[in-house]
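The following note sets out points for a colleague to consider while viewing the model.

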Amino acid sequence: MANVLNEVLSANAAYAAKFGPKADLALPPARRFAILTCMDARLDPAKFAGLSEGDAHVIRNAGGRASDDAIRSLVISYKLLGTREWFIIHHTNCGMEFFTDALMRDLLAHSLETAELTPQGFRDVGKGPGSAEAQFIDWLTISDAAQAVVDDVTRVRRHPLVPKGIPIYGYIYDVKTGKLVEIDRATQAGRAS
Ligand SMILES: [Zn+2]
């Protein structure tokens with residue numbers, strides 16, 4: 001852990017040393033768009049979507065799901081900071097496809113240690129106690145990757161705090177090629193009117 005801490009702090013020192021004109025960036029995103037995507041470590045939205053500091057909002061959570069909190073951020077993104085187009089980008093091989101609410105609740109009820117991923121799925125190997133608190137969280141897992149994009153775009157589109165004029169595009173990022181693949185049904189569902 002100390003290694004990671006030192007690595008991050010030394011990387012940051014090097015970044016800050018060349019910070020220069022970024023000090024003058026405006027608060028609202030210059031290119032007026034937002035991306036909601038997964039926290040997966042293989043995805044780097046700045047690289048796969050060509051972003052520089054100050055360009056766009058990037059909202060991330062497990063799965064890139066349209067949770068209440070993701071919608072909170074999107075509403076702030078347009079209402080206070082002027083974004084006008086949104087992307088919802090899930091990806092292939094997402095960890096959210098490999099468990100269910102019931103499994104997650106069971107794993108956490110057993111222990112708070114990291115579970116093991118076996119060919120048969122996640123298995124708890126930790127020492128207890130765990131906690132029953134996991135029952136009260138909707139883990140927003142994914143059973144059909146394309147349908148999850150459609151569902152998330154549809155939920156945001158229909159939300160009463162989201163204006164009809166913001167187009168919402170639905171994509172899946174392919175972790176084997178780096179390409180964004182459009183989910184037509186999602187983009188259709190997210191069309192502006
Ligand atoms: Zn993911």
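1. A polar contact is here a pair of N or O atoms within 3.5 Å; within protein, one atom must be able to donate a hydrogen and the other to accept it, and residues adjacent in sequence count only if both atoms are side-chain atoms. By this criterion the side chains of Thr83 and Trp86 are joined by a polar contact of 3.0 Å.

2. The model is predicted: local features need pLDDT of at least 70, side-chain atom pairs count only at pLDDT 80 or more, and totals for chains, interfaces and linings use all residues. Residues are numbered from 1 along each chain as its sequence is written, and side-chain values use heavy atoms, with hydrogens and water left out.

3. Thr83 occupies the loop between α3 (68-79) and β3 (85-91); helices (H or I, at least four residues) and strands (E, at least two) are DSSP runs, numbered from the N terminus. Is Thr83 buried or exposed? Thr83 counts as buried because its relative accessible area is 3%, where buried means under 20%, exposed over 50% and partly exposed in between (1.4 Å probe, protein chains only). Residues up to four places away in sequence being left aside, Thr83 touches Pro29, Arg32, Phe33, Ala34, His57, Ser77, Tyr78 and Ile166; contact means heavy atoms within 4.5 Å.

4. Which atoms coordinate the zinc ion? They are SG of Cys38, NE2 of His91 and SG of Cys94, at 2.0 to 2.3 Å. Donors are N, O and S atoms within 2.8 Å of the metal (3.2 Å for Na, K and Ca); water is not among the atoms, so the site may look incomplete. The donor residues follow the sequence spacing C-x52-H-x2-C. The two cysteines link distant parts of the chain, 56 residues apart: Cys38 belongs to strand β1 (residues 33-38), and Cys94 to the loop between β3 and α4 (101-110).

5. Cys38 is buried, with a relative accessible area of 4%, and Cys94 is buried at 3%. The structure holds zero disulfides, a disulfide being a pair of cysteine sulfur atoms within 2.5 Å.

6. Most residues other than glycine have a negative phi, and most peptide bonds are trans. Leu140 lies in the loop between β5 and α5.

7. The peptide bond between Gly128 and Pro129 is cis, with omega about 0°. Pro129 is placed in the loop between β5 (121-123) and α5 (145-158).

8. For the chain as a whole, there are six helices and seven strands, and from the N terminus the order of elements is α-β-α-β-α-β-α-β-β-α-β-β-α. The C-alpha trace spans about 50 × 45 × 35 Å along its principal axes. Of the 193 residues, 34% count as buried. Among contacts with a separation of 6 or more, 63% come from residues 24 or more positions apart. The chain exposes about 11700 Å², with carbon and sulfur atoms supplying 57% of it; accessible areas come from the Shrake-Rupley method with a 1.4 Å probe, and for residues only the protein chains shown count as cover.
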